[in-house]
Structure formats: structure tokens, C-alpha cells
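Subject: A structure for you to look at

Hi there,

Here is the structure I promised to pass on. Have a look at it first, and then read my notes below.

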Amino acid sequence: MQMKLLGALAAAALLAACASEDNSGAATGAGAAGGAGLASGAVRPGSQEDLVANVGDRVFFDTDSSSVRGDQRATLERQAGWLGQYPQVQVVVEGHSDERGTREYNLALGQRRGNAARDGLVALGVSSARLSVVSYGKDRPAALGSTPDAWAQNRRAVTVVR
Amino acid sequence: MNQSVRVDAALSRRLALLGFGSLLGLPSLARAQAPAAGGPAAGGQVIDITRARTDPIPIALPDFAGSSGPAQQLGQNITRVITNNLRNSGLFRPVERAAYIQTPEAAAGSPRFQDWRVIGAQALVTGRAEPQGDRSRIEFRLWEVGSEQQLQGTAYTANAANWRQIAHVISDVIYERMLGEKGYFDTRIVYIAESGPRDRRTRRLAIMDQDGENHRFLTDGTFQALTPRFHPNARQIAFMSYNNNQPRVYLFNLDSGRQEVLGNFNGMTLSPRFSPDGRSVVLSSVRGGDANIYVVDLASRRERQLTSGGGLDVSPSYSPDGTQIVFNSDRGGDQQLYVMDAGGGGSRRISFGNGRYATPVWSPRGDLIAFTRISGGRFGIGVMRPDGSGERILSEGWAMESPTFAPNGRVLAFYRESQARDTRGGGYSARLSMIDIAGFNERQIVTPTDATDPSWSPLLSS
């Protein structure tokens, strides 16, 4: 229990790593389950809360890029290991962009980011049958500010348990 | 002298044509007043933009007369719609009503031109409105004050509920008689109505008259809808729906209210636009690492791939003659505009200014392509010729995109977003605007909620 709580705090800190002090709320609230595990204290293994708290549910991208950055690979590796631990779990990889582009281009960019994260997981041994991808472009930001910090948090691919 | 026209749903498409029939009082004179009577045939020149900016036509619009209280009310309502349309175009200046000397009732009988000349009116619109059971008869005349000539006289009968459309049709007749090019008032705009917090927005298809009236929602918000575009017959809309969490291009039928997926193609489909003949939809589809342009035949639902240049190719838009397609691609490293043959070959880049270019849309006149430019951290809406020359930025700000042309190619609608002031997104908004392609007269369109992705219909009664 204590381990998991620590893990959750660490994950929250990671999500807010590139944000100014008051952005952590936006970042943790953004995933499908957000910080719900923190509040309840009960994290079901193999759940979204588990993924967020103990693995990290998202990878970040550079502006206009859909290559998984070197510093994001570790997250994908943890996700692949976690998915190996819970073989019944199916996930959707949601691709997103920041707000500094046009809607249609960002929809395509989000899809390409989602595909890149999916391909990364497949390369790490996850069956592609367990993975689907959907893009929301700039239309579902995790951080709601109009700052470079918020944009960095929004250029992301989020793995969400179905 | 008068021509009588019935307006019904079935007949309305013919209405403008009929209205232009035998009653053209002094066409040569009207044309002489118009700065660019030649239209697109005369080399793509629109109205002289300096004149448009500095010298809108002063026009007097006394309330249409009526023989009873309800008739007068109808007359006032119609006159108000026409006056707003003409004023909002930026090309007319309705003369201050307090200055009117002759009464509306008297003017509807026989204008005393001296009374209108002395208050500076160059044109005068008079009319009568008569409710007849569930129908209305509306008669109007357009006068040129200086020559004391009637330029147009037309009577319409229509379902009483259609009085707004009559007012728009009359506005279009006035616009065309005075300016020598077709109007755009009898049109609608389909767009995305947005509500709720920005990370969990509800996005619904919505439609309204171009002046914001007759607003209604077309989808209930269960699934996110984006990027609607009118069919050239104005009865159908192509848009992107997240139905079943699978973002695909859908078709919405305005007559039946039904929607259907365009096709179950492999991968996300987005950014649809109809071909000018209405028989196919051009769109983008992301498969693997690339997004390419495809055209889908509406009858067979078969797709044909048009691009394979690498990178993300999105936002295709046909030239009005259907022979070319402009689109947006980052194949060269960043987003630029490219034009290719409608069959897929001959792709060439046309944007070479500072910044990234996106959301190109071809003018219905064929003479211009409107676009979004992102440069130096700011967004702008601009136009350029189809060969990329003559670029002009019409409006700039924090964020704006998605221009759409009025059917006469003279006005653009687009959406403008404001910057969030705090980390909760406070201060963010998205609103529709219109601007003259000469870069003046930008106005916000009032909508019930935040609004994005406008698409302008063709003329409904053409």
C-alpha cells in the first residue's frame, strides 16, 4: 500500500515535471482515471489507476514531431512490461497535440503520434491485437493553459485501459 | 410592372432566377454604377477594394408598409433583416432613419425623390407586406434616387413562416442590382457548437442562417462532431464524427436528419469536402505514419488514393471547376500548401511566405485560395492566388483558422480563439467571425455557445 502511494506521488511528479507549480492538477486530472487512485487509496492491479500510478500512462513529443523521444522510451518499456503482466488487458492509445496548430493537421498528427507509441509497444512484444489508436488532435488538452509548459504536456500519447 | 413570384420549398430554388426576370428597369445604368460589373470573367477582379472600404452605398430602407397592425409588424421585421444584411456587408450604409422626410406609407405609394436625395440616399427600397392567412405577400421596389428610376420590382408570396428567407432573397436582389455581382444573404452556415470545459467539450453539429437566426442543433452531443462541409446542393453535410470512438467521415442529410458513415475505410478519415459536382468526397486518411488524400465516389463508395508523397496530407479543397485540388502537407518539413491535378498528379507547392500554412479553401469564384498562416507565434487568415502570388493576410491574432467562402467569394467566415489566461483555461473562447476579402469589416457572429469550423452554404434559392 505504502509502495503504491509513493508510486502514485512519483507519477504525479513526473507528469508535472515540465510544468510550473500549479499545473500538476491539470496534468493528473487528464488521464482517463486521473488521480482517482490517490484519493481512494485502493488501486486495482491491471487497472488504469494502476497504470497511471505505477507505470506512467503517457509519453510526450516534441513540437510537430511524432517520434518517441529517447527520454520517453523508458515509459513505453514499463508499459510493455505491465501489459505483459496483465495479458487480458486491452488498451487504446490516444494521440494528442498542443493547441498551436490547425484542427485537421493536429488530428492527423495525433494519429501519427498514437501510431508511433503503438508501434513502440508492438516492437517491445505487445500483441497489436490488444492495441487500438484514436486521435483527438488538439481537442482534448490535458493542461488547459496557453503556455509552453501546457503545450509540452499536451503533445502526448496516452495509453488507456479499455 | 410587377412580377409575381410564389415561394415554396419546391420553388424556392428557382426564386432568385425568376425574380430577375423581365423587370430589370435600367440594367445598363445599374451596371454603370457597379465598380466591377465584369465579375470573375473580367480577370478575377472583385469590387474595387478601396471604394468598398471608403465609400459604402448610402441606401434608405423605410419600413415596408402594411394595411393592418400585423402587416406593419411583418413589414418592419422584413425591413430590419434587409437593413442588417446590407449594413453587415460593409458595402452599404443604411441612411439614419431619423433623417427620413417622406413617410414609409407614402414612399411605398410613390417616392418623392427630392426627399430621399436631400438626405443623401443613393438608393431607396420601398415595399408592402400583406399577411394572407398562412401565407404572406411581400412586394418590394428598388429605386435609384438620382435618376428616379425603378431598378427592380418584385412581389413574392410565401408561407408566412418563410418571411426571413424572403427578406434574404430581397437583400440578394438589392446587392446584385447595385453591385453587379451575386449576393450571399440567402445562405446558411453549418458549424460546431462547443460547450463545457475544454478538456471535456461537447461538440455538436449546428446550423443557422448566415445572420445567426433560425439556429438549431443537428446532433445531440453524444458523439463529438467536427469539420462539417456543405454539399453543393446544400441538402447534405459531410463531417467527422467520433461515433463508437472511431473518428470517421459521416454524411448528414438535412432533409431526413439521418447520418451515415461514408465508408468503413482502414484508419481514421478526416477533413472531408465535396467535389463541385457533388458526386464525390475528397478527404484525408491516416494509415501508418502518413496521411494521404483520397477521393470517395458517393455512388459506389469506392476510394481512390490521390497522394503518396510522405508526411501528413490533409485539408483538401477542389477548385470550383473540379480540375485541381489544393491541400496542406508537411512533406517538405513543415506545413505548406500544394496544388495538384484532381486525378492526383502534378503536385506543386504554392506557399512560400513566412511561417506554416494550413486549411486551404478555394474561392467559389476560382480566383483566390484562403488559408490559415501560423507565423511568429500568431495565427492569421489570408488569401493568395492559386499560383501562390498576391498573398494578403486579412486578420491576425492569438489563434484563428478554418476560413470558408461565402458563395460569391466576397466574404470569409472563420473562427477565432482567445488565449487562456490561467492554467484552468479561464478566458478561452472560440467564436465565428466574418471578414471582407479586402480585409475590412471583420464582425463576430453571435452564437449560443462557443463556435468553430464554419462552412458556408451555396445560395439556397439559386
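Let's start where the chains meet: the contact takes 26 residues from chain A and 33 residues from chain B, and two residues are in contact if their C-beta atoms, placed from the backbone, lie within 7 Å. On the side of chain A that touches chain B, α6 (103-123) and β3 (131-137) of chain A are the elements that give two or more residues. The most comes from α6(A), with nine residues. Helices (H or I, at least four residues) and strands (E, at least two) are DSSP runs, numbered from the N terminus.

A word on the source: this is a predicted model, where local features need pLDDT of at least 70, side-chain atom pairs count only at pLDDT 80 or more, and totals for chains, interfaces and linings use all residues. Residues are numbered from 1 along each chain as its sequence is written, while chains are lettered from A and ligands numbered from 1 in the order in which they are written.

Chain A as a whole has seven helices and four strands, in the order α-α-α-α-β-α-β-α-β-α-β along the sequence. Of its 162 residues, 52% are buried, that is, with 20 or more other C-beta atoms within 10 Å of their own C-beta, placed from the backbone.

In chain B, have a look at helix α7 (residues 163-179), which has 17 residues. Is α7(B) mostly covered or mostly uncovered? It is mostly covered, with 15 of its 17 residues buried. Just after α7(B) comes G180(B), with a positive phi of about 80 degrees.

Enjoy exploring!

Definitions and conventions: Expected span 1.5 Å × (residues − 1). Buried ≥ 20, exposed ≤ 12 C-beta atoms within 10 Å, placed from the backbone.
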